[in-house]
Amino acid sequence: MVLWNWFLDANGLLYRKDGSKRLADNALVALTLLIAESKAAEKDTLCKVVVNLISRQNL
């Protein structure tokens, strides 16, 4: 989960400009588990889908 949090933070997706969280803690855990439990071939695709959903919804 630490790498996923780092990835989101490094890409400006973990927090909004005002410093508030974009995702609730339980949603972040659920997404982390979804990606961790996915097949290796699907991980990149899932990461891209999640990042696109987070960035588009919270502009």
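Author: One term before we start: helices here are DSSP runs of H or I with at least four residues, numbered from the N terminus. Also keep in mind that this is a predicted model.

Reader: Fine. So where does Leu14 sit, then?
Author: Leu14 is in the loop between α1 and α2.

Reader: And is Leu14 buried or exposed?
Author: Buried, because its relative accessibility is 14% and the cut-off for buried is under 20%.

Reader: What does Leu14 touch, leaving out residues up to four places away in sequence?
Author: Asn5, Leu8, Asp9, Ser20, Lys21, Arg22 and Leu28. As for Ile54, that residue is 40 positions from Leu14 in sequence, with 8.9 Å between the two C-alpha atoms.

Reader: Lys21 is on that list. Where is Lys21?
Author: Lys21 also belongs to the loop between α1 and α2. Its relative accessible area is 42%, so Lys21 counts as partly exposed.

Reader: Which contacts does Lys21 make beyond its neighbours within four places?
Author: Lys21 is in contact with Leu14, Tyr15 and Arg16.

Reader: OK, let's switch to Trp4. Which helix is it in?
Author: Trp4 lies in helix α1, which covers residues 2-10.

Reader: Buried or exposed?
Author: Trp4 is buried, because its relative accessible area is 9% and anything under 20% counts as buried.

Reader: What does Trp4 touch, again skipping residues up to four places away?
Author: Trp4 touches Leu28, Thr32, Ile35, Cys47, Val50 and Val51. Take Thr32: it is 28 residues from Trp4 in sequence, and their C-alpha atoms are 7.0 Å apart.

Reader: Which residues make up the largest nonpolar core?
Author: There are 10 residues in that core: Trp4, Leu8, Leu13, Leu14, Leu23, Leu28, Ile35, Val50, Val51 and Ile54. Helices α1, α2 (25-37) and α3 (40-57) each give two or more residues to this core. The most come from α3, with three residues.

Reader: Why would side chains like that group together?
Author: In soluble globular proteins, nonpolar side chains tend to be buried together.

Reader: Let's zoom out. How many helices and strands are there overall?
Author: Three helices and zero strands, and from the N terminus on the order is α-α-α.

Reader: What share of the residues is buried?
Author: Buried residues make up 24% of the 59 residues.

Reader: And how much of the contact set joins residues 24 or more positions apart?
Author: Such pairs account for 41% of the contacts with a separation of 6 or more.

Reader: Last one, charges. How many positive and negative side chains are there?
Author: There are 8 positive and 6 negative ones, and the centres of the two sets lie 6 Å apart.

Note on methods
Residues numbered from 1 in each chain as written. Predicted model: local features only at pLDDT ≥ 70, side-chain atom pairs only at ≥ 80, totals over all residues. Heavy atoms only, no water. Buried < 20%, exposed > 50% of the residue type's maximum accessible area, 1.4 Å probe, protein only. Contact = heavy atoms within 4.5 Å. Lys, Arg positive; Asp, Glu negative; His and termini not counted. Charge placed at Lys NZ, Arg CZ, Asp CG, Glu CD. Core = buried A, V, L, I, M, F, W, Y, C linked by side-chain atoms within 4.5 Å.
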